[in-house]
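Visitor: I'd like to go through the interfaces in this one. Can you put it up?

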Amino acid sequence: MTIGVCYFPEHWPREQWESDATNMAEAGIEYVRLAEFSWAVLEPERGHFEFDWLDEAIEVLGAQGLKVVLCTPTATPPKWLVDERPEILQADIDGTPRHFGSRRFYCFNSPAYREETDRIVSRLAERYGDNPHVVGWQTDNEFGCHRTVRCYCEDCSAAFSDWLAEKYDTIETLNERWGTTFWSQRYPSFEAVDPPQPTPADHHPSLLLDYYRFANDSVVDYNRLHANLLREVNDEWFVAHNFMGDFETLDAHAVADDLDLVTWDSYPTGFVQDRREDDPTLDELRAGDPDQVSMNHDLYRGTNDAPFWVMEQQPGDVNWPPTCPQPGDGAMRLWAHHATAHGADAVLYFRWRRCRGGQEQYHAGLRKHDGSADRGYHDASQAAAELDGLDVAHVDAPVALLHDYHDWWAISSQPHAPDFDYWEHLRTYYRALRARGVQVDIVHPETSLEDYALVVAPTLHLMSEERADHLSDYVSDGGHLLLGARTGYKDSYNRLPDARQPGALSNLVGATVDQHESFPASVDLSLMYDGDAYDYRTWSEWLNPDEADVVAEHTTAGVTEAKPAIIRNEARRGTVTYVGVWPEAELANTIVGDALQTAGVTSTDVLPDGLRVAERDGHVWVTNFTSDAVTLDVPQGTPCHVGESKTERNDTVDVDPFGVAVVECRVDDVAVE
Amino acid sequence: MTIGVCYFPEHWPREQWESDATNMAEAGIEYVRLAEFSWAVLEPERGHFEFDWLDEAIEVLGAQGLKVVLCTPTATPPKWLVDERPEILQADIDGTPRHFGSRRFYCFNSPAYREETDRIVSRLAERYGDNPHVVGWQTDNEFGCHRTVRCYCEDCSAAFSDWLAEKYDTIETLNERWGTTFWSQRYPSFEAVDPPQPTPADHHPSLLLDYYRFANDSVVDYNRLHANLLREVNDEWFVAHNFMGDFETLDAHAVADDLDLVTWDSYPTGFVQDRREDDPTLDELRAGDPDQVSMNHDLYRGTNDAPFWVMEQQPGDVNWPPTCPQPGDGAMRLWAHHATAHGADAVLYFRWRRCRGGQEQYHAGLRKHDGSADRGYHDASQAAAELDGLDVAHVDAPVALLHDYHDWWAISSQPHAPDFDYWEHLRTYYRALRARGVQVDIVHPETSLEDYALVVAPTLHLMSEERADHLSDYVSDGGHLLLGARTGYKDSYNRLPDARQPGALSNLVGATVDQHESFPASVDLSLMYDGDAYDYRTWSEWLNPDEADVVAEHTTAGVTEAKPAIIRNEARRGTVTYVGVWPEAELANTIVGDALQTAGVTSTDVLPDGLRVAERDGHVWVTNFTSDAVTLDVPQGTPCHVGESKTERNDTVDVDPFGVAVVECRVDDVAVE
Amino acid sequence: MTIGVCYFPEHWPREQWESDATNMAEAGIEYVRLAEFSWAVLEPERGHFEFDWLDEAIEVLGAQGLKVVLCTPTATPPKWLVDERPEILQADIDGTPRHFGSRRFYCFNSPAYREETDRIVSRLAERYGDNPHVVGWQTDNEFGCHRTVRCYCEDCSAAFSDWLAEKYDTIETLNERWGTTFWSQRYPSFEAVDPPQPTPADHHPSLLLDYYRFANDSVVDYNRLHANLLREVNDEWFVAHNFMGDFETLDAHAVADDLDLVTWDSYPTGFVQDRREDDPTLDELRAGDPDQVSMNHDLYRGTNDAPFWVMEQQPGDVNWPPTCPQPGDGAMRLWAHHATAHGADAVLYFRWRRCRGGQEQYHAGLRKHDGSADRGYHDASQAAAELDGLDVAHVDAPVALLHDYHDWWAISSQPHAPDFDYWEHLRTYYRALRARGVQVDIVHPETSLEDYALVVAPTLHLMSEERADHLSDYVSDGGHLLLGARTGYKDSYNRLPDARQPGALSNLVGATVDQHESFPASVDLSLMYDGDAYDYRTWSEWLNPDEADVVAEHTTAGVTEAKPAIIRNEARRGTVTYVGVWPEAELANTIVGDALQTAGVTSTDVLPDGLRVAERDGHVWVTNFTSDAVTLDVPQGTPCHVGESKTERNDTVDVDPFGVAVVECRVDDVAVE
C-alpha cells in the first residue's frame, strides 16, 4: 500500500529536479508519473525528437529509488501537427470543429491520427524499453474527458457505417432489428446511415444506442493500439489508463480488457459539486461525499481482475469545479486511506507542484508554486508512513452491484423524466449498502456471480435471454437477487421485447409491469411497505404479480385502486425482490436492510452520512468525512494501526474531523458511540 | 358522435390484422386512420411502389365495417430521397441543416420537395380514388411540429423576396411601410432582403412579422398542393389536417380555408406540462387542464364552418412530455366526452397499439405492445357506447373570443416582458368564461359577430381602420365588447400608428393609453375595482379617458397619482370595456362576470378549477378533471344520459373522480352540491 | 451645466422640424445630437450622397440657437455596402457570421471596412468643416454593444498574429511568457496562433487575456481613425464617444486617450435589471440604483482629464431591458441632477420623439410619437431651468478607487466561482464609500495618486513590479491604501508570479496569501472583526502575516484552526489594509468607515439605500431615488438652490419622492431627519 505523485519536470528549471526528487523520497513516495501532455517538448517539430530531458529526469528520480510510470502523450498533439493534418480534429454534433487550444480535440477514428499515434508511441516505447526505472505506462489521459467520446466528423461517419456492416451483415437485418419502419426511417445501405446530427425531433433510439456503442468501441480500439505497441517492446511493463469519476460515455469494462492495471482520477470536492444531483453541504465541499468517491473505487476495482490504483488524487484545492473550497485539515490523508480501504494498492497525488502557467494555475500541488510544502505534502507524507506498514490482500465483497454502460446509454437517450439519472439511481442502492458498512463489487451483469451472497441490480434495462438465464441460474443456486425499476424494458437493440416488462426476466420475477409512469419533483410520491409509509421519487411502476407476493403498495393519489409497487418471489432456492420505484433514502435503507438480512450478510447499523467503515483483509478503515470528531466502540483489545485509542484496553477509538482509524476486527464489531 | 383510432398495420405481422380489426369493431370504433409516415414502405426505392400491403389492410378493416382515413405520407421522406436531393432539407437560423433522422426536416419552399410531394400524393390518390372504404384524407402530419414552420435555407430566402415583391410591388413601398430609415436598414431591392439570420441585436420588427407571415403562407401553399391533388381525383373525399395544441407559428385560420374538416391532436397530460406557464398539480398531471384542452377544441372548431374532430386523442401515458404520469382511471373516456361537448363529431385515439421500435416506444396505445387490451381500450369502448346514443347539433356559443395569429407573432417578437405570453393572456379571459360554464367560439376578428351577445378581445394588437370599423359596427348594433391590454398598439406593418393607442379604436373606446409599463413577477401589482382591491400581473397601462368612465384605478406604489386602469364606455347601443392590465384570475372572474351580466349571457356561478360544464344542443356535459367525486344538483326529473343519479327523481347526479355526466337541461340549471 | 437631446430629423416629415426646434428651445435645450445611424440616407447608393436634408436640419436647429453634435454613422453600414463587401461582417466564436439586420455587425479589423469608414467620415467632415452650428462629433455609437468587441473572423486572425508579433518579437518569447509547455500548447510561429475558437476544454488564460487586449486595441485603433480624420478637417471640434454602463470588454481608459470629451449612455431602470446581480426593488425599477449609475459617472469622469457628459439620458420607459416600468414621477429630472453632481457638464436625453418604426418603438422620447409632450419633456425642462443657474467647477474627490480593465478580463476568464464578478466586487467597496457621501474618482492604477487621502484597490489582479512600486511610493508618502482580495495573483501575462501572492506587493502588505478558496452562495461564511461577527461571500483567503497585524479571523467551520482574514500594516508613513474576503455590505461599511477615519476623509453617517449626497464645488446634491419623501437637517441659513425649505431659516429641506435638493454647504453638514 503505497503513495505516488504526478510530476512535470519539463515545467521547471533543471536545477530544481534534484531537490524535487529528494523531497519526494522524504515524503515516502514510491511512484512518479511522467511525460503526460509532453508531445510538443518531445518532438518540437516533425521528426526532431528531444528525449534528453526525459532521460535525465528519469535518471534523477531513479537515483532516489523512485519508480517511473510514463504516459503516451497523445491527449495533446502539438500545433505543428494539427496545422499539417487538420483532418484529425473532432467535430461537434452540428459540424463545428473542436479546435486546437486545450486538449482532447483529436478524433479516435482519424486514420491520420492513428498513424501519428503509432509513430510517437513506438518511438517512446523503444527509447525506454530497457530503462530499469520505468515500470509501466498510462495510455493517453482520461479518455473522453470534456465530452469527447462522441465525435461527428466524416471519418466517424465512414467508420460508423463499417461498424454497422460488421455488426449486422445486411442492411435488411439492421432495418429489422432497429425497427426502422417507424417514421419511414428505413436505410437503403450501411453507407446511408449517418451519425445522429441535428434533426427536428429525437433520433431513433436504436440508432443512438448503436452510435454510442460505436463511439465507445472507437476508444477501445484506440487504447488497444497503444497497449499493443507498448507490449511489443516490453511485455513486463504494466499498461494502465486513468479513468474518470461518475463517467457515462466510456465503457470502462470494455477498455479494461486491454489493461493490466486499472486506475482512476479522484477529486472528491470537485465531483461532489458537478457530478451529483444534490447541493453539497459545507462538509462535503471540504471532503467530498464518501459514497460518491468509493462508488468509483468499487467500479474501477471491479472492471476486471487487474490491480487497482488511484492515478490522480486531489492534493488540495482544484481549479475546475464551480467553486474551489480548501479541503478540510487532513482530508488529503483521509482520501488515500479511503481509497486503500476500497482496494487501491497505490495512490498518486496530482500534481507535485502548482503550475505557474496555463489552464491549471488554480490547481494545487503537494508543493506550492514557490516550491514550499503545501498542506497536501504533509498529508501525503503521513499517509505514506501509515500505509507503508500495511500489506493487505484484495477486497472480498459479499455483495455485487450490477452495472452495464449500455443500460446507462439507453436510459439517457430516453430518460422519460428530466431527473431520471441512471447513475444517481444506482447510487441510491449503493449508498444504502455502504451506510451499513458492506463492501460492494460493482460488476458487469455477466460476471460470475456465484460467490456473492446478494446481487443488487438497480436497472438492467436491456435484457437478453442469455442475461436472464445467467441471473436465473444465480437464484436457482440459492442466490438472492434485488432488482430495481426499469429492468428488462428493452432488448439489446433498444426495442421493446415481445412480452411485457421485465421481458425475459418475468418468469424469474413472478410478476410483470402493468404500467409505468414518471413525475416531476414537485409531486409527493409514497407507498406502504410492511405497514409503514415511505417516499419514493421520479419513477413508479404498477406491478402485476403472478407468483410473487406484494410487499408494498402505492398510496399516491389520483388513481382509484392501490397498485402493487414492490414484490418478492421465493424462487427456486433463492429469492427475487423487484422494486418498482426509485426509492428515497429511507426506503432504500429498509429494502437493502431486509435484503442483507435475507442473504445473511454481515453489516453495521445504518451509519450517519459522512461516516463510513470498510473492511479489507481483516482490517477495518473508519473514515470520517465530517468536521465533527467521532468516538467508536470496538472489541476490547482490538489492534489499532492508525488512530488513537482513548483507553488503554483499546475499546474505544477516537477519529478526528476528516480523520481516519484502521483497526483489526470485523466490520460489525465497530459501533459509533 | 363517434370514436376512431390511428393504426399502423405496417408495424405488425400480417397475421395480426384480422384480430386487430375485430377488436376495433368490438370497441365500437368507426374510423381508422392509416398510412401516416409510410412513404418508405410505399416506395422503398425510387419508382418502385408497394401498395399491396395497404390495399390489404384497408380490405381487412373495411370487412369489419370500419371507415378509413388515409394520410399523405410527406412528413417523413425516405432516406434514399434525401440522399438524392439533399436540397430539400430545412436550415436552422444559423444555417445548420436539419438532417434526416426524425421527421419534418423538409423545407416547405423546396421546389424539389414540392415535385416529390406531387408525385407521391398523386400516385396514392389515384390508387385509392374509388376505394369504397376510404372516406377522406389527412394532409401530411402536424405541420410545424418541432419548430419547423420557419426555415432559413436558400430556397426560403429566394421565396421570401418573391413574397415581398408580390406584397409591396416596389421596394420603396416596403421601405416606407416598414420604416427602414431606423438604424440604416433600407433595402435597395427585394433580392437584398434576407430571412432574419443571426445579427448582433434584435431584427427589425416589421421584417420579423413579414417573415413569420411568409413562413406561414409557405405551409398554407404546401397544404393546398395536397388538397388540390386529392380533390382532383375524388371530390367526395374530405380533406383534413391534424393541428397541434397551443401552437403559435401556424395560422390555423389560414390553413383551414383549404380543408373540409378541421382536427387537432389532444394530449392533455403532455400539454399541461410543456405548453402552460404554471407547474401542474397531480390532478392535472393525471387528466390535464380542462380549460387548456377545450381552448384548443374551441379554437379549431372556430377556424371555419367545417366539422371538427379530434384526430389524435391521448390513449394513456405518452412519451414526449417532461414526465409521463399515468392518466387517472377513466380519463381517456373523460377526454372523449369533453371533446364532444366542445363540438367534436369524432374522436380518434392515437394509437392502436404501443410500438415496439423507434422514438415512441414509451407512448401508450389502446392495446399494449404484447397485443392485450390496455386501460385506454376499456375507456374508449365505454366512450364509444355512450356517445353512440347521442346525436347532437353543433355548439351554439353566446360569446366570441377574438384571436389573430398575426397579433401573437407581433407580441412574441416584442414581448416587452419575459413573461408576457400572448396565449397565456388570452387564456386568462377564456378561463374566466369557462369557469362560469359559458361556451366560447374562438374566432378571427373579422368573422361576423352579429350573433354574439358578448365579444371578448384580449389583445387585438395590430389594428387597421377596417378592423376598427368592424368592431365599431358590432357595438353600434348593441353588442358588448370587452377589450384587453396592448390592443390597437400597432398598424398591420408592426409600426406604431400615427395617433396614440388604441389607435383606430380610440373613438370607440372613449379613451387613450397615456403610458404603458411592464414588471417582473417579483413585484406586487394591484388596483381598486368597484371598491375592492385586486391583483394584476406583468403589464399595466395608464388610461386617459375622454368620454369613458373610470372603473378601476392603479394602486401600485412608486408614482404620485392614481391612474385609471380600466374604463367603460357606453357607446352607441352597446358598451365597450377596456382593461389596461393583465388581470389575475380573481380580477378576470369579476370583469368577465360583470360583462356577462351586462350582455345578458346565461352562466353558472364560478366553478372550482378542474370541474367544468358545457352545453351542446340541449345537453350539458359535466366533466370532472379531479380525483374527487362530485355531486350535482339538477332540476327534478332531468334526463341523465351518462352518469348515475343518486335519487329516483333525478335531482342529483354523482360524478366520479375523472368522471363525466351528460344531462338534458340548461347549463345554469346545474349546481355543485 | 446644461441639457441636450438626441434627434433624428430623417425619421419625420420636413414640416415638423421647425416646431421640433422651437419646442427644444422652449425646454431650455442647448445641444442636439444628429446623424447617428444615418449612412443609408446620406449615401443611398455607392457614391451618391444626399446631404441636403442634414444641411437643412442643422440650419433649422441653428436658427433657434441650438448647438449641433454630429455622429459618424459607421455603426450601421447600409445593405448595399454589406452586399458588395460581405467580408466586413464579424464572425461568432464558432464561425457563424453576424449578419445585416440590426447594428454593429462590422469587424473592427476589416481592411475593407476601414476603407469605407475613411470614405464616409472624410466626406462628412469636409461637408461640415466650417458649419458654425456644429461644435463636435461623436464617433460611431456605443462601441462593443451587443457583445461585438470580440470577433473571430479571418481578418481578426491575421491581425491577431501581427499584434502578437509586435508585442513579443519572437515566438520563443511568447511561448516563454505564456507558459505554453502546459498541455503541449507551444506555438511554432505567430501565424500559428489562432483566436480562441471552440475547443473541448478551457483555452490557455494567457492566450485569452492577450486576445481580449488585441480585440480592445482593434477598437481603439478604429476610433483613432475617426478622430484623426475629423481633427484633420477642423481641430476646434471636440471628438467624443458615448460609452456604455457597467461594460467589461472595452477599456474606456484606452479609448479615451483619443477623445476630447468622454460621455456615456445612462439608462438607470434598464441597467438595474440586466447589469446587476440582485433583483431590483420596485423603487429601483422606477429610478434605478444610484450607486450603479454614479459608479459609471465616476468611471467615465475619471478616464482622462477631459470634460464629461451624459450623451444619452433615459427619457422615460425604455424597450430593451427585461421589463419596462415607468420611471417614478420626476425621475428624469433627478437623473440630470445626479449626473451633474457627479461631474457631468451636459446631459442629453435620448431621444427627442418616440419612434414609429423599427426596433425602438417601445423606447420613450421627450415627446410622444404623436408629437405631444411626454413626461420626460416636463422633467427635462425643469432640470434645464434649475441647472441653468448653476456653474460649478469639476468634482474634487478625496478617494480614488483603482480599476484596470485587464484585471476584469483576467478574472472573468478564470472566475473560480460562478458568482465572482469583478465589477460587483468593485461595487461593494464603491457602495460603502457612496453610502457615506464620499466622492470617488475611479481611475487607472497608474494614475498619479498623490492628491488622494485614501486609495481603495478592490482587486489589482495582474501585478507588475512597476505597479507595486507606484503603490508603495503612495504609502511611503503617507497614503492610506485599502487592498481587496485576489490582488497581486498574477503577472501581466496572466501567469502566477514566482513568489506567493500578493507577489510584488507582499513587502508592502507585510503578509502573504497562504491559501485561497471559493464557495457557492448556499454556504454561510463569517469572520470576527474587532470582536464582532460579520458575513462575507464567495471568496476567502487565509493570510499569513509577516509584519502586519491581524484585524479579522475566519470563523467558517470545516477547518481546525482560525485563519487570518484581514490584516493591517502600518507601513512607512501610511497604512495598508488587505482584505482577504469579498465582504458583505455591513462588513464593507465597517472596513471602509475605518479606512476613511484613518485617512481623515470627511463623510456622513451611513445613509439609507436609495438616498445619496454628493458634493461638487461647494454644492451638495441630495438625490432621493426612493418613493418616500425625506427631510434633511442642514446648518441654519444654508442657501438652497433647488428644493424647498420647510423653515424660514433654511435649517431643514424637504426632498420629494424621486426628488432632489441642491444646497450650499459641506457634505457632512447634511443629515437625514
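Guide: Chain A and chain B together bury about 4700 Å², and 55% of that lies on carbon and sulfur atoms. Buried area here is the accessible area (1.4 Å probe) that two parts lose on being put together, summed over both. This is a predicted model, in which local features need pLDDT of at least 70, side-chain atom pairs count only at pLDDT 80 or more, and totals for chains, interfaces and linings use all residues. Residues are numbered from 1 along each chain as its sequence is written, chains are lettered from A and ligands numbered from 1 in the order in which they are written, and side-chain values use heavy atoms, with hydrogens and water left out.

Visitor: How many residues does the contact take from chain A and from chain B?

Guide: Chain A gives 56 residues and chain B gives 57, where contact means heavy atoms within 4.5 Å.

Visitor: How many salt bridges between chain A and chain B?

Guide: The count is six, a salt bridge being a side-chain nitrogen of Lys or Arg within 4 Å of a carboxyl oxygen of Asp or Glu. Asp514(A) makes one with Lys368(B), with the closest N and O atoms 2.6 Å apart.

Visitor: And polar contacts across chain A and chain B, how many residue pairs?

Guide: The rule finds 30 residue pairs, both residues at pLDDT 80 or more. A polar contact is a pair of N or O atoms within 3.5 Å; within protein, one must be able to donate a hydrogen and the other to accept it, and residues adjacent in sequence count only if both atoms are side-chain atoms.

Visitor: Which elements give two or more residues to that side of chain A?

Guide: Strand E13 (511-518) and strand E15 (532-545) of chain A. E13(A) gives the most, with five residues. Helices (H or I, at least four residues) and strands (E, at least two) are DSSP runs, numbered from the N terminus.

Visitor: Now chain C. What area do chain A and chain C bury?

Guide: About 4700 Å², 55% of it on carbon and sulfur atoms. On the chain A side, Arg356(A), Gln359(A) and Tyr362(A) lose the most area to chain C, together 17% of what that side buries.

Visitor: Which elements of chain A give two or more residues there, and how many salt bridges are found?

Guide: Five salt bridges are found between chain A and chain C. One joins the side chains of Arg500(C) and Asp370(A), at 2.9 Å from N to O. The elements are helix H2 (39-42), helix H4 (79-84) and helix H11 (282-287) of chain A.

Visitor: Different topic. Which domains is chain A divided into?

Guide: Domain 1 (399-599) and domain 2 (611-672), with bounds from an automatic or database domain assignment. Their centres, taken over C-alpha atoms, are 34 Å apart.

Visitor: What area is buried between those two domains?

Guide: About 430 Å², with carbon and sulfur atoms giving 43%. Arg434(A), Gly437(A) and Gln439(A) supply 80% of what domain 1 buries against domain 2, more than any other three residues.

Visitor: What does UniProt put on residues 6-388 of chain A?

Guide: The unreviewed entry carries the annotation "domain: Glycoside hydrolase family 42 N-terminal" over residues 6-388 of chain A. UniProt positions are given in the numbering used here, feature names are shortened, and annotations may be inferred rather than shown by experiment. In the model, residues 6-388 of chain A are 41% helix and 10% strand, and the end C-alpha atoms are 19 Å apart.
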